[in-house]
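Here is a protein to look at together, one question at a time. Have a first glance, and then we'll start with the space inside.

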Amino acid sequence: MKILLDNGHGIETPGKRSPDGRLLEYAYNREIASRVNNELQRRGYSSSLLVPELSDVSLAERCRRVGHVCSELGRRNVCLVSIHVNAAGRGDKWYNATGWCCYTSKGQTEGDKLADCLCQAAARILHGHKMRFDYSDGDPDQESNFYILSHTACGACLTESGFMDCRESLKFLLSDEGKAAIVQLHVEGIIVYVNSCSTDED
Ligand SMILES: [Zn+2]
């Protein structure tokens, strides 16, 4: 199974920052994605960054890259996690919304299995933090027609690691402990998913 990690946005993306400017989402997503990527590779998994560039590669191009890997390896042998940070507003004001969540595209797809693994890892590793789970359709992920999820053929989900415009959430996001926990939940969730897929094939 090939793991693709997408780090949302780019250096020139407007907004997408904490009100105090301490967290720039493109940079934070890249830091987390590259740490997750390094750890997966260190543990022997085949992982790569979808957008190694600092610039905001368009969603169409991101999806084209995913499609290229899917056509080479088969879509069932590829999974995609798009790593983001949430915001309640536009980066100019503080809010109180907080919590971790994971999105899949609408309907039951392979992405739901991947999301389940990530949600379980998040609930365990971020124990005591708010989980923004939506069980209305029987599973914990939220559903949305994000472009990166609805224009890719492999199992795909998008994580929001907390809220950059909530002071308490930001403090955790920027702490060494918070970063390590966010990296760990992605690594562990992805590994559980990848291992469950290789068992299915046996
Ligand atoms: Zn984002």
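Q: What is the volume of the largest cavity in this predicted model?
A: A cavity here is a set of points on a 1 Å grid over the protein atoms alone where a 1.4 Å probe fits but cannot get out. Grid points are joined across faces, edges and corners, and a volume is the space filled by probe spheres set on the points. By this rule there is one cavity of 30 Å³ or more. The largest cavity has a volume of about 50 Å³.

A word on the ground rules: residues are numbered from 1 along each chain as its sequence is written. This is a predicted model, where local features need pLDDT of at least 70, side-chain atom pairs count only at pLDDT 80 or more, and totals for chains, interfaces and linings use all residues, while side-chain values use heavy atoms, with hydrogens and water left out.

Q: How many residues of the lining of the largest cavity are charged?
A: Lining residues have an atom within 4 Å of a point, and for the largest cavity they include His-9, Gly-10, Lys-16, Arg-17 and Glu-25. Ala, Val, Leu, Ile, Met, Phe, Trp, Tyr, Cys and Pro count as nonpolar, Asp, Glu, Lys and Arg as charged, and the others, Gly among them, as polar. The lining then splits into three nonpolar, four polar and, for the charged ones, three.

Q: Which protein residues are the donors of the zinc ion?
A: Donors are N, O and S atoms within 2.8 Å of the metal (3.2 Å for Na, K and Ca), and water is not among the atoms, so sites may look incomplete. Along the chain, the donors follow the spacing H-x15-E-x58-H. At 2.1 to 2.3 Å from the zinc ion, they are His-9 (NE2), Glu-25 (OE) and His-84 (ND1).

Q: Where does Lys-16 stand in terms of relative accessibility?
A: Lys-16 lies in the loop between strand 1 and helix 1. Its phi is near 50 degrees, a positive value in a residue other than glycine. At 38% relative accessibility, Lys-16 counts as partly exposed.

Q: Which residues is Asp-56 in contact with, leaving aside its neighbours within four places in sequence?
A: Asp-56 is found in the loop between strand 2 (46-49) and helix 2 (59-73), and at 32% relative accessibility it counts as partly exposed. Contact means heavy atoms within 4.5 Å. By that rule Asp-56 is in contact with His-9, Gly-10, Ile-11, Glu-12, Thr-13 and Arg-62.

Q: Which element gives the largest share of the lining of the largest pocket?
A: A pocket is an open set of points with protein on both sides within 12 Å along at least five of seven lines, and the largest one holds about 420 Å³ of space. Of the 26 residues that line it, the closest to its centre are His-9, Lys-16, Glu-25, His-84 and Phe-146. With four residues, the largest share of the lining comes from strand 3.

Q: Which element gives the most to the lining of the second largest pocket?
A: About 180 Å³ of space lies in this pocket. Residues including Trp-100, His-129, Glu-168 and Phe-172 line it. The element that gives the most, with four residues, is helix 5.

Notes: Helices (H or I, at least four residues) and strands (E, at least two) are DSSP runs, numbered from the N terminus. Buried means under 20% relative accessible area, exposed over 50%, partly exposed in between (1.4 Å probe, protein chains only).
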